[in-house]
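Good morning, everyone. Please have a look at the sequence and the model on the screen.

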Amino acid sequence: MGRVTGIHHVTAIAGDPQRNAGFYAGVLGLRLVKKTVNFDDPTTYHLYYGDAGGKPGTIMTFFPWPDAPRGRIGSGQVVATAFSVPAGSLGYWTERLVESGVRFERPRERFGETILSFADVDGLRVELAATEDRRRGWDGGPVPTRHSVRGLHHVTLAVEVAERTVRLLTETLGFRRVAAAEGRERFAAGEGGPGGFVDVSETGGFPAGSTGVGTVHHVAFRVPDEEVQLALREEVAALGYNVTPVIDRKYFRSVYFREPGGVLFELATDGPGFTADEVEAELGRRLQLPPWLERRREEIERSLPPVSVPAGEPA
């Protein structure tokens with residue numbers, strides 16, 4: 001049967017939506033590909049950032065809750081989200097972060113790649129991995145194309161005991177172990193490479209994380225279609241996990257469950273994609289609502305603060 005082919009997206013909790021857009025569209029140069037609402041709480045935005053078309057594997061999404069308490073990064077969470085940038089671009093990125101007032105750690109080597117670590121405006125842990133990546137970044141933003149973010153590279157899961165998490169990844173979801181170093185193991189899905197990696201770090205005795213601003217809410221893994229998704233859902237349910245029904249997220253179909261270490265996993269279909277309700281050239285410019293919320297558009301728009309993204313520079 002089919003398995004997971006890589007990371008689909010990562011969803012985190014932010015504070016102020018404009019500061020969030022300023023960081024991910026302004027500093028990191030990602031495209032705001034969809035401005036919609038949290039379908040379960042339509043008074044809150046759901047902002048999606050990615051490449052030009054928001055392809056699976058390039059997407060970082062946020063629920064901005066300005067009045068929510070700050071979370072604590074810890075065990076049972078995705079503790080770092082890494083993006084891929086071209087090999088040789090870290091000089092550019094260190095200068096850009098300095099100019100933007102973003103503090104970062106000294107670059108270090110990990111699994112043959114150079115990693116630059118820092119925190120976003122809400123304290124969320126972000127990394128840039130300098131590597132070979134054939135994907136094309138967003139060329140309409142403020143970062144020159146030759147240096148632009150290509151997409152997600154890997155996520156790091158922190159779990160108290162790794163064994164059951166690793167078994168789920170390898171025996172059910174189709175990941176394979178490809179490397180180990182510095183207290184972490186790396187697993188790859190599909191063809192491997194950037195966008196296909198999950199690192200697992202065992203953190204016995206480390207305090208548990210708490211959900212809130214500056215933490216990852218869940219990581220979503222790619223499945224090619226609904227047939228594979230349903231088959232995997234049945235397999236996960238048969239193992240005793242509490243799995244949701246298939247939920248229509250308009251741009252993909254999703255099922256959710258919590259893995260043994262406490263991290264919330266999602267299985268998301270590649271389609272139908274972000275051009276389901278607007279053409280690629282217009283992505284992210286207008287608030288998009290699911291059909292069942294259209295009758296409340298005026299009310300919802302009044303409740304949401306304006307969000308703008310920085311103007312692009314020549315590629």
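First, the ground rules. This is a predicted model, so local features need pLDDT of at least 70 and side-chain atom pairs count only at pLDDT 80 or more, while totals for chains, interfaces and linings use all residues. Residues are numbered from 1 along each chain as its sequence is written, and side-chain values use heavy atoms, with hydrogens and water left out.

Let's start inside. A nonpolar core here is a set of buried Ala, Val, Leu, Ile, Met, Phe, Trp, Tyr and Cys residues joined through side-chain atoms within 4.5 Å. Buried means under 20% relative accessible area, exposed means over 50%, and partly exposed is in between, with a 1.4 Å probe and protein chains only. The largest nonpolar core has 70 residues. Which of them touch the most other members? They are Leu173, Phe221 and Phe265. Helix H1, residues 17-27, gives this core its largest share, five residues. There is also a second, separate core of nine residues, and it includes Tyr48, Ile59, Ala220 and Leu283.

A word on those labels. Helices (H or I, at least four residues) and strands (E, at least two) are DSSP runs, numbered from the N terminus.

Now stay with Phe265. Contact means heavy atoms within 4.5 Å. Leaving out residues up to four places away in sequence, Phe265 touches Leu157, Leu168, Leu169, Leu173, Val219, Phe221, Val255, Tyr256, Phe257 and Glu259. Phe265 has a relative accessible area of 0%, so it is buried. Phe221 also counts as buried, at 0% relative accessibility.

Next, the rings. Rings of Phe, Tyr and Trp (its six-membered ring) pair if their centres lie within 6.5 Å; planes under 30 degrees apart count as stacked, over 60 as edge-to-face, and the rest as tilted. The structure holds 16 aromatic pairs. Take Tyr24 and Phe62. Their pair is tilted: 4.6 Å centre to centre, 45° between the planes. Tyr24 sits in helix H1 and Phe62 in strand E4, residues 59-64, so the pair links distant parts of the chain, 38 residues apart. Tyr24 and Phe62 are both buried.

Back to Phe221 and Phe265. Why is their pair edge-to-face? The ring centres are 5.0 Å apart and the planes are at 85°, so the pair gets that name. This pair too links distant parts of the chain: Phe221 in strand E13 (residues 216-223) and Phe265 in strand E16 (residues 264-272), 44 residues apart. One more group: Phe23, Tyr24, Tyr49, Phe62 and Phe118 form one aromatic cluster.

On to helix H1. Eight of its eleven residues are buried, so H1 is largely enclosed by the rest of the structure. The buried ones are Pro17, Asn20, Ala21, Phe23, Tyr24, Ala25, Gly26 and Val27. What do they pack against? Strand E1 (6-14), strand E3 (41-50), E4, helix H2 (90-99), strand E7 (113-119) and strand E8 (125-131).

Helix H3 covers residues 163-172, and its buried residues are Thr165, Val166, Leu168, Leu169 and Thr172. After H3 comes Gly174, with a positive phi near 95°.

Arg184 is in strand E11, residues 184-188. Is Arg184 buried or exposed? At 15% relative accessibility, it counts as buried. Ser201 is in strand E12, residues 197-202. Ser201 is buried as well, with a relative accessible area of 18%. Not counting residues up to four places away in sequence, Ser201 touches Thr156, Leu157, Ala158, Val159, Gly183 and Arg184.

On a 1 Å grid over the protein atoms alone, a cavity is a set of points where a 1.4 Å probe fits but cannot get out; a pocket is an open set with protein on both sides within 12 Å along at least five of seven lines; lining residues have an atom within 4 Å of a point. Grid points are joined across faces, edges and corners, and a volume is the space filled by probe spheres set on the points.

How many cavities of 30 Å³ or more are there? One. The largest cavity has a volume of about 30 Å³. Strand E5, residues 77-86, gives the most to its lining, with four residues. The largest pocket has a volume of about 480 Å³. It is lined by 21 residues, and Asp133, Arg135, Glu191, Gly192 and Pro194 lie nearest its centre.

That's my tour. Thank you.
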